[in-house]
Amino acid sequence: MTERRQIRLGTAIHGAGATKWAWRRPAVQPDASIDFNYYRRIAQQAEAAKFDFVFIVDSPYITADSAPHFLNRLEPLTVLSALAVATTRIGLVGTATTSFTEPFTLARQFASLDKISGGRAGWNLVTTGLEGAALNYSRRAHFRHEDRYRRAAEHLSVVRGLWDSWEDDAFVYDKASGTFFDRAKLHTLDHEGEFFQVKGPLNIGRSPQGQPVIFQAGGSEAGRDLAARSADGIFASPEDFQEARAFYQDIKRRAAAFGRASDSIVVMPGLGPIIGSTDAEAERRYRDLAGQVTIEDALVQLGRPFAYHDFSRYDLDAPFPDLGNLGANAYRSHSEKIKRVAHEERLTLRETALRFATPRSSFIGAPETIADRLQRWFEDGAADGFILGLGEDEDLATFFEHVVPILQARGLFRADYSADTLRSHLGLSFAVNRHATRRVAAE
């Protein structure tokens with residue numbers, strides 16, 4: 001009998017908040033982003049709730065207008081390595097850019113995390129949308145959007161090649177014969193490409209899951225193609241069910257065109273549910289939260305996907321300004337969506353800023369209501385799972401304590417872990433070593 005498909009769940013650890021104003025809420029710890037005890041507490045709570053993974057965002061550039069969590073925070077791989085010994089089963093996913101890292105270094109770092117955690121590591125591959133990041137890496141300007149994705153594809157190819165430097169049983173540790181490893185199972189990469197020249201091999205072997213899980217979140221055409229061709233999981237940010245389903249179907253179609261099975265890639269929309277004891281209470285909570293946002297903060301938040309463009313120079317109550325190609329070399333999919341929505345709905349700048357600063361979630365309601373909507377998105381072809389981005393610990397605790405049990409009772413989410421690796425949690429296959437595959441085929 002075929003095992004019933006189940007929802008996959010992860011949660012982002014946002015510390016002091018991913019918006020400019022979140023840290024001012026009474027329940028938010030202002031220094032959470034640099035407090036390891038905070039990260040450990042959230043990770044252990046998520047593990048107790050049997051979540052698939054925790055996720056740490058990152059970006060290599062800030063300004064004085066960046067959100068508090070981005071201004072002062074711990075480096076993701078360092079935190080995740082510490083969390084690896086503070087947890088036992090939950091997956092550990094961190095963000096790293098292909099635009100400003102070298103494949104050998106990154107491959108070694110994530111392989112180390114995968115070893116330390118016993119096969120629970122995941123890499124959220126990004127190309128970095130903040131143009132100012134180039135100035136922190138000895139470049140006068142960021143790579144063009146198209147070049148970033150070509151570089152990302154080659155970077156990932158090199159990293160995966162390095163992760164296959166050693167076959168799984170290469171290290172024999174035979175003291176009697178003096179054989180530390182089987183030389184036939186060590187492989188040099190010898191990569192010569194457009195952006196990278198990497199000889200290899202990598203100086204660390206494989207983990208119980210073979211290779212770390214690859215996540216990707218690009219929403220542009222180039223980003224979707226890269227994700228559909230190469231990622232194991234995709235983070236998405238749809239506004240509603242129809243947009244989520246269209247994205248889901250597009251990714252599955254692209255994956256099939258690249259010769260991949262539909263279940264080899266997990267699509268996980270992000271959501272920030274607002275939960276109350278009743279639907280009415282949740283609605284009041286949303287209105288209260290939206291009412292706390294000033295137009296000044298909303299304008300700053302609006303500027304980020306446009307490379308921190310200063311929107312304060314425009315008339316707030318005039319139509320959203322014509323920005324031309326601004327944003328095309330930053331967070332392209334997000335900036336294009338803002339321009340499209342503002343145009344189609346004939347919004348003023350004020351309306352646009354507030355609309356995107358406090359977007360109305362599709363998940364507002366009592367725990368039963370939230371569970372119903374999660375089930376609908378999951379069963380009606382809009383998601384394989386979800387990644388929670390909640391600004392307050394109490395919201396996450398409410399989800400753990402009241403929504404998860406409903407999903408478990410419906411058979412939609414695990415009651416306990418059945419395996420130890422992140423790939424297994426997500427229903428993904430072990431990453432077979434390419435050289436071992438060729439050896440078996442030849443034999």
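Predicted model: local features only at pLDDT ≥ 70, side-chain atom pairs only at ≥ 80, totals over all residues.
Visitor: How many salt bridges does a search of the whole structure find?

Guide: Side chains of opposite charge can pair when their charged atoms come close. A salt bridge is a side-chain nitrogen of Lys or Arg within 4 Å of a carboxyl oxygen of Asp or Glu. The search of the whole structure finds 35 of them.

Visitor: Which parts does the pair of Asp416 and Lys50 tie together?

Guide: Their side chains form a salt bridge at 3.4 Å, N to O. Asp416 lies in the loop between α13 (393–409) and α14 (422–425), and Lys50 in the loop between α1 (36–48) and β2 (53–56), so the pair ties together parts 366 residues apart in sequence. Helices (H or I, at least four residues) and strands (E, at least two) are DSSP runs, numbered from the N terminus.

Visitor: Are Asp232 and Arg423 buried or exposed?

Guide: Buried means under 20% relative accessible area, exposed over 50%, and partly exposed in between (1.4 Å probe, protein chains only). Both Asp232 and Arg423 are buried, and their side chains meet in a salt bridge (3.5 Å, N to O). Asp416, by contrast, is partly exposed at 45%.

Notes: Residues numbered from 1 in each chain as written. Heavy atoms only, no water.
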